[in-house]
Amino acid sequence: MDKRRVLVADTGEEYRREFVKEIHEEPDIQVMGQTGNGFELIDLIQHQEPDVVVMEMILAGIDGVEVLERLASLPLERKPRVLVVTSLTTGNMADLAVSRGANHYMTKPCRPATVCERIRQLCNAGCPEEEPKQPKQDLESIVTNILLEIGVPPHISGYSYLREAIILTVNDGEIMRAVTKVLYPTVAKRCHSTAQRVERSIRHAIKTVWEHGDPAALQKYFGQPGSCQRKKPTNSEFIARIADRLQLRLRINI
């Protein structure tokens with residue numbers, strides 16, 4: 001089996017180390033090098049000839065935008081495909097990255113397994129020149145952006161559990177018929193937790209966002225401003241409301 005040759009560029013050393021460790025578990029993906037510096041990344045690209053570059057937009061030396069611009073002008077026989085995985089969530093960042101040559105854009109936090117799947121998809125796709133220059137965001141990135149928009153604190157465990165629960169519900173609406181028996185245990189298995197902890201943490205996250213989240217964003221998704229004086233939704237209602245909006249959004253390709 002031919003392995004996908006990958007370079008990883010991220011200034012977060014701990015994040016990069018853990019991500020590379022996860023990739024090493026994949027039999028069909030090989031990390032050829034890693035760095036947190038944009039200049040070093042350009043040098044690695046020229047010498048290692050990777051299939052895919054997984055990169056942050058925030059890099060030392062030169063940032064991701066300049067890396068993409070320099071990569072476009074390099075006299076390479078076969079240019080790598082570029083997967084941007086970034087903590088930058090400004091509205092036009094995806095458009096900017098794609099306009100400079102990135103092939104796919106994901107927003108942190110995201111699961112290493114999802115990143116690996118995108119690497120495979122990029123390797124199996126056609127040449128970059130043949131692809132439409134349109135920003136692409138997968139479901140995980142879209143859900144992440146919604147949770148950040150409404151104000152769910154990303155450092156609490158309920159954030160990760162909510163994201164997994166919403167993604168599962170978007171992909172299979174029937175799972176909401178068995179929240180306690182199926183949804184919570186499935187999220188727990190994915191996150192190496194327990195169903196009880198998942199339920200409790202999601203409830204805490206909803207309480208937090210209902211009391212301290214962005215009122216305008218909450219009104220956008222739930223039809224009323226968040227406030228401790230208002231009745232907050234149950235776990236099921238919260239998950240179902242966002243999942244329903246996403247299912248509609250994906251059906252009409254917005």
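User: At what angle do helix 7 and helix 8 pack?
Analyst: Helix 7 (residues 157-171) and helix 8 (residues 179-191) pack at about 120°, and their axes are 10 Å apart. That makes helix 7 oblique to helix 8. Axes here are lines fitted to C-alpha atoms, for helices over the stretch in contact, and angles run from 0 to 180 degrees between N-to-C directions. Angles under 35 degrees count as roughly parallel, over 145 as roughly antiparallel, 65 to 115 as roughly perpendicular, and the rest as oblique.
User: Which residues of helix 7 make the contact?
Analyst: On helix 7 they are Tyr 161, Glu 164, Ala 165, Leu 168 and Thr 169. Helix 8 brings Leu 183, Thr 186, Val 187, Arg 190 and Cys 191. Contact means heavy atoms within 4.5 Å.
User: Is this a real experiment or a prediction, by the way?
Analyst: This is a predicted model: local features need pLDDT of at least 70, side-chain atom pairs count only at pLDDT 80 or more, and totals for chains, interfaces and linings use all residues. Residues are numbered from 1 along each chain as its sequence is written, and side-chain values use heavy atoms, with hydrogens and water left out.
User: OK, and at roughly what angle do helix 8 and helix 9 cross?
Analyst: Their axes cross at roughly 100° and come within 8 Å, with helix 9 covering residues 195-212. That makes helix 8 roughly perpendicular to helix 9. Tyr 184, Pro 185, Val 187 and Ala 188 of helix 8 meet Ala 195, Val 198, Glu 199 and Ile 202 of helix 9.
User: What about Thr 208, buried or exposed?
Analyst: Thr 208 is buried, at 17% relative accessible area. Buried means under 20%, exposed over 50%, and partly exposed in between (1.4 Å probe, protein chains only). Thr 208 sits in helix 9. Setting aside neighbours within four places in sequence, Thr 208 is in contact with Pro 153 and Gly 213.
User: Switching to the sheet: in what order do the strands come?
Analyst: The five strands run 2-1-3-4-5 in an open sheet with parallel pairing. Strand 2 (29-35) and strand 5 (104-107) are the edges, each pairing on one side only. Two strands pair if DSSP finds at least two bridges between them. Helices (H or I, at least four residues) and strands (E, at least two) are DSSP runs, numbered from the N terminus.
User: How many bridges join strand 3 and strand 4?
Analyst: Four, in the parallel sense, between residues 52-55 and residues 81-86. Val 53 has Val 82 in strand 4 as its bridge partner.
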